[in-house]
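Biologist: Could we go through the aromatic contacts in this structure together? Please put it up first.

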Amino acid sequence: MHLSTHNWMRAEPLAVTLKRIKKYGYESIEISGEPAQYDINDTRALLKEHGIRCWGAVTLTLGERNLAAKDEGQRAKSVDYVKSVITMVSELEGEIVTLVPATVGKVVPDGTEQEEWKWVVDATKECFAHAQKKGVRLAIEPLNRFETYLFNRAAQALALADAVDPDCGVCLDAFHLNIEEEDIYDAIRLAGNRLFDFHVADNNRFAAGLGHLDWPKIVATLKGIGYDGALTNEFVAPVDRTPAAKYPDMVERNPVDIPPEQLKFIQDHGSSLLTEKFYDDQMRITAETILPLIK
């Protein structure tokens with residue numbers, strides 16, 4: 001296992017992110033799923049310069065992006081988007097695309113269970129076929145019920161993976177597991193060798209170590225199933241706007257150049273633009289919590 005991180009949680013140049021994570025012992029990055037933001041040659045050069053490899057990317061399933069949509073044209077555009085993320089990862093020599101099939105924040109279905117299942121299976125099969133051509137593994141990620149109504153538990157993600165192909169896998173996230181699973185460790189064991197990726201945030205969605213999750217037990221369970229991929233940092237710090245705030249200086253107050261879709265994604269997760277110091281502390285704390293457990 002090794003330590004990785006997402007980078008969508010704060011708008012900053014990729015070079016700044018790579019320099020930051022290198023000093024704390026991160027080995028790879030799971031890059032934001034917005035291919036238009038990255039020039040492949042420039043990104044390759046930055047990764048090489050900082051000694052960080054691309055582990056993969058996560059789909060930012062926002063707005064009209066939805067593999068379970070009723071509208072056929074919307075599904076087709078969503079498939080094209082996922083394919084573009086897969087292609088980006090392949091060109092950056094990455095291994096994984098974490099796929100969130102339905103729109104983040106959408107909690108009302110478009111059709112019957114049978115209709116939606118067919119729509120999402122057919123669309124995901126098309127994405128999987130492209131991933132196979134590009135040499136990238138596809139991992140279905142379930143989110144908690146407050147972010148999506150469709151895939152919330154490991155068993156549900158595995159059901160979609162099974163319907164797509166035996167070589168399709170799943171990605172689990174400790175934060176979502178803590179909300180939705182009867183037993184976090186049983187969910188990890190259920191995924192078994194189909195677990196391709198694992199995302200890291202504590203129960204309060206701050207850095208690992210700032211909540212009540214049992215990280216030694218989580219990592220031991222991952223080792224027990226033979227998991228040898230990344231533990232990818234994905235804290236989404238909730239903003240406290242009351243006098244009870246523990247971190248009053250966490251929100252960036254100065255103008256930041258960030259695409260509106262990415263800003264909405266951050267805000268929809270209950271967070272905001274984070275200051276550099278607060279963000280740096282979260283990166284450091286996760287590393288200090290996780291690295292001793294996986295070395």
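Biologist: Is Y247 buried, partly exposed or exposed?
Modeller: This is a predicted model. In it, Y247 is partly exposed, because its relative accessibility is 30%.

Biologist: And how many aromatic pairs turn up in the whole structure?
Modeller: The search finds five aromatic pairs. One of them joins F206 and Y247, which are tilted, with 5.5 Å centre to centre and 45° between the planes.

Biologist: Which parts of the chain does that pair tie together?
Modeller: F206 is in the loop between β7 (195-200) and α8 (215-224), and Y247 is in the loop between β8 (230-233) and α9 (260-268), so the pair ties together parts 41 residues apart in sequence.

Biologist: What about F206, buried or exposed?
Modeller: F206 is buried, at a relative accessible area of 10%. F206 also forms an aromatic pair with F278, and this one is edge-to-face: 6.3 Å centre to centre and 70° between the planes.

Biologist: Where does F278 lie?
Modeller: F278 belongs to helix α10 (residues 276-294), 72 residues apart from F206, and the pair links distant parts of the chain. F278 counts as buried because its relative accessibility is 6%. Through these ring pairs, F206, Y247 and F278 are linked into a cluster.

Biologist: Changing topic, which ring does R65 lie over?
Modeller: R65 lies over the face of Y81, 3.7 Å from the ring centre.

Biologist: And where does the charged end of R137 sit?
Modeller: The charged end of R137 is over the ring of F196, at 4.7 Å from its centre.

Key:
Residues numbered from 1 in each chain as written. Predicted model: local features only at pLDDT ≥ 70, side-chain atom pairs only at ≥ 80, totals over all residues. Heavy atoms only, no water. Phe/Tyr/Trp six-rings, centres within 6.5 Å; stacked < 30°, edge-to-face > 60°. Helix = DSSP H or I, 4+ residues; strand = E, 2+ residues; numbered from the N terminus. Buried < 20%, exposed > 50% of the residue type's maximum accessible area, 1.4 Å probe, protein only. Lys NZ or Arg CZ within 6 Å of the ring centre and 35° of its normal.
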